[in-house]
Every structure is written in C-alpha cells, then in structure tokens.
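Biologist: I have a structure to learn from. Could you take me through it step by step?

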Amino acid sequence: MTPLLSLRHVSKTFGSRPRAVHAVRDVSFDVAQGECLAVVGESGSGKTTLANMILGVFGQSSGEIWFDGKGLPIRRTLEHRSAIQLVQQNPLSSLNPKRSVGASIRLGLDVFGIGARSDRWRLVEDALEEVGLPGNFRRRPPAALSGGQCQRVAIARALACQSRLVILDEPTSALDVLVQARVLRLLEDLRRVKGLSYVFITHDLSVVRNVADRVAVFRAGRLVECAETPAIFENPQVDYTRQLIGAVPVVAEDELKLRESLSGGVPE
Amino acid sequence: MSDVLEVRDLCLRFRGYSGMSEVLHGISLNVRAGERVALVGESGSGKSVTARIVLGLLQELPSARVEGGLFFEGEDLNRLSRRQWQALRGTSISMIFQDPTSSLNPVFTIGTQFAEVLRRRDPKLSREAADERAGTLLQSVSIHDHARVLSAYPFQLSGGMNQRVVIAMALANHPSLLIADEPGTALDVTVQAQTLKLMHELVERSGTAVLFISHNLGVVREFADRVFVIYRGRIVEQGPTRAIFEDPGHAYTRALMAAVPRITGGGLPELNDSESAFLDPMVVHEGGKA
C-alpha cells in the first residue's frame, strides 16, 4: 500500500557557509494511512523544522516529500494545505484572541471552500461536537475557554478542514495530567473513527508509549532510530534513545524497573 | 525535627467584579528542616498562590485578602513589616520559578544579576569578589565556563543553562527554605532530569528545606520526601511520598495517578469522572504516618 506521507533524503539548511545551520539532515521515513508516528528528540533536534517542511511553511533544501503517492510542490495547492493540518503546543496562543472560536474554525472552511456558504456554521458546530464541545461554544472567545477546551477547538479546526494528516506539535505538554488524558483519548478515538494519520511531535516518552505505532528518534537533525513502539522501549538500539527513556519521570514500580533495566541513566 | 515553615489554616480571597471569590479554603502544611515537601495539584488548585503568600508577594496586592498563620523558623511572618519581608526574600527564603528565561532580567548580564543577589546578604561585596563567588557557585551547578556565562545575557544561554543559573542564585545565600515552582516544566525531558538531579544533590549537601510545587507526579515521586495533594483550594491528602504513591486514599489522588501514561504501555488511561468522592474536596485523607 502506498504510504500517505513519504520523506526521501530530506535536508534543511538555514543560512549559508560558513555559518550554515543544518537543522535536518538526510531524513527518510513513511507514515501509513491511519498510522501515528511519534517524532521524539530534545529541543533543537529538528522536530519542528521537519513539521514546517511537511506543512509547506518553507521548502526543504534537498530531498523529496511525497503525499498520497504524489510529490509535494514547494508551493502547496489549497488541496494539500487542507489535507495536512497542524495542532500546536499552546492552545490559547494558536487561536486568534479577537475572533470567536467558531470564526477561527470557519476561516479554514472559507479559505479551502469546504461546504456551501450557508452550511458552514453548521459544519463548525459539527466539528465542535465531534471533539466533545457543545456547538454553541462557537460564539465564545478563546479567553473564555480552559486550556483543554482551547486544544479541543484547535483539533476541531483541523478536522473541519477535512484533513487526512495532522501534525501534532506537543499537543498536550501545556495541559494538566487529567486534561492531557482526555485530549489523548479524543485524538485516539478520532484516529480510529476517521482513519486520520498523525505525526506526533513530543518529548514526553510516556505519552509516546501509549499512542504511537512507530517512533522516530531525532538528534541534532538526524534520524538516529526508527522502529515500532514496543521495540523502541523494550530494546532500544541507540544509547541516545536509552538516555531519553532513562530521563522520563515515572510513578510506578514496574516503570522504574524498566527504566533501570535500560541503564541509560540521566545524561550528564 | 523543627518546622522551617508552617502554614496554618490559610485562606485567600480575591475581590473581583462579581464580588469575592475564595481561592484557598484554609490549607495547612509544614516543611521540616532539610526536608523536601511537594505540593501537587492541577492548574487553578492554589499551588502557586500558596508559594507567593509564603514569600509575602500576594499580601501586597490590593485585591487579595489573606488570612491564616504563617510561621518561618518559629517567627510569625504576619507580624513582619514590608522591609523585613523584603530582607527575608532571596536570603532566608528563595524561590525558583517555572520559566528560567523570564525570571532573569534580559537587560542585565548574569554577572550583574548574581552580584545583586549576593549583595543582599553582604551589601559591601565588591564586584570582583562577587564574580569569584558566582564562579564557584556556577561550578557547583556543573557550569564550567563560568567567565563566559557571567558576561552573557540570559537570552544568549539555553533554557537548561538559565535554570542552572537560577538554581545557583537561589542557593547562593544559603537559604533555610527554597520554594521551587514547577522548576522543570519549561525544560526538555533530559534537561529536566539533569536539573532535578542537580537540585537534589545541592539541597542534600546544604541541608536546605524545599517546598516543591508541581503537577508532574513522576517528578514528585523522584524528588519529594512528603507530599501534600491540593484540590480546589483544599489539601485533600498528605503523607510520605511512598505511602501516597503505593496506596492513594483520596479519589482525586487516585484519578491523578491513573491519568499518568506509563512507559510500560498498557494503553491510555480510562478516567472515571463520575466518582462522587472525586468532586468532594472536603474528604481529607492522611497517607501513612508522616
């Protein structure tokens, strides 16, 4: 089966010699239809640069990005832009404070020409209901919503645009643990029901363990390890992956044992 | 062991457009000498306001009404004048905030800010002597190129480096109590682990008591000796860390534990929001014998 997203030898360099910064170097991976691929690594490892290239915010310096069997042009068509959506880390700042949340969702529908004009408010309300919010929330400003509710709105915005691939850039790291659990459950349900694919960018490996099908570990712009989730946690091949798992704060005894058995320890 | 900090029946109300809203409903907690105590709860539960009251910061706000007993090393903090409060901050009680970069002044170098902190204890300290002491303190937080760091501005350093600087500053004047408000949240998982390990070693060496505020249960388990769980402005459970984690008594604590994704897998946690006790912060539990 053709993968939904395919990256082939993708690199991104900012600036020019001698001060060039190689943010992403020769990265290749696939994301299948309905799959959740976690991209993990520290700050500066190239995770967000990668997301921006997939979204078309800027082009890659070399290599190719394929979506649904076709090469993605640097200047994306409306169709591509609606099919690949982003949910950002900070839910409050990713919504326009001067617009109602409904207007923020509707903007996508207007730009991408989704549905008949007269029908679009109904589509906005449907999208809100799909993420567990009442349809009449569309009149509220983002400031009147909690962090978890704003994140649901951001997810509703991605859904309303009929996306097929959603880039989740640390979608739960600004949320409390109880709210995080609810948002993760929602994302999981949507993936199952709608067949969405996710590129889940995070540095929280305990979340990754429970939501991702496969994990891609990044370090200094390079893909150092990519494997099925259980393999990454039970038998990591690279020391850096062991260190990342070793740094996760844990609450249960069995987690402590797993972490100690990997003996990566806290990186110095 | 004597209490470094004792908070007795602390209430906090804010005056707003729609009248008074009560934020803390009589919380009591204590921190003993050299002990690491965690205050755990969600956003809005009242963790950070408690820390700010202990530092005397909220009392200065005209819209805030603070009532209740505050004792630091046996001394009644409510009787202190503004000047005496001011003298206490940064010397006997210091604080580390969540975001290291925004808690440092962006227009002064680290060296200038370090000298200001050190002069709170020793006002006649020369800049050269301050730089020398700052260098030694930075060494203790594993910053070896201290000359570069002292001449740098906060935005020229990474988040992890800034947090180390803040920790070194907070411990510079040998405080009896360190309040750490989510010190690792803004950092990467590996940098967070390094920072907490470092803080653990330093407070153990210096015997400083710590009030550690966090919503991350994993971090609390690794750092704290004793835990207070705060929910909707009330302490709902307290006890030694091990006892709380092995046998949480309050339904809210159990829900918090259940919501943490595990690195051993097992899928996403199922949340049972309908549990009646979960919504009742009046039920108080004491885990084990503190």
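This is a predicted model: local features need pLDDT of at least 70, side-chain atom pairs count only at pLDDT 80 or more; totals for chains, interfaces and linings use all residues.

Biologist: How far apart do the C-alpha centres of domain 1 and domain 2 of chain B lie?

Modeller: Start with the bounds. The domain assignment gives domain 1 of chain B as 3–92 + 180–286 and domain 2 as 102–172. Their C-alpha centres lie apart by 27 Å.

Biologist: Which strands of the open sheet in chain B stand at the edges?

Modeller: Four strands form this sheet, in the order β2-β1-β4-β5 (chain B), with antiparallel pairing. An edge strand has a single partner, so one side of it is left without a neighbour in the sheet. That picks out β2 (19–32) and β5 (75–76) of chain B.

Biologist: Which residue of β5(B) does F72(B) stand opposite?

Modeller: Strand β4 (residues 64–72) of chain B runs antiparallel to β5(B), and two bridges join them. In β5(B), the residue opposite F72(B) is E75(B).

Biologist: Which helices of chain B each supply at least two residues of the side that touches chain A?

Modeller: The contact takes 34 residues from chain A and 30 from chain B. The chain B side has 15 nonpolar, nine polar and six charged residues. The helices are α8 (189–206), α9 (217–223) and α11 (251–258) of chain B.

Definitions and conventions: Residues are numbered from 1 along each chain as its sequence is written. Chains are lettered from A and ligands numbered from 1 in the order in which they are written. Domain bounds come from an automatic or database domain assignment. Two residues are in contact if their C-beta atoms, placed from the backbone, lie within 7 Å. Ala, Val, Leu, Ile, Met, Phe, Trp, Tyr, Cys and Pro count as nonpolar, Asp, Glu, Lys and Arg as charged, and the others, Gly among them, as polar. Two strands pair if DSSP finds at least two bridges between them.
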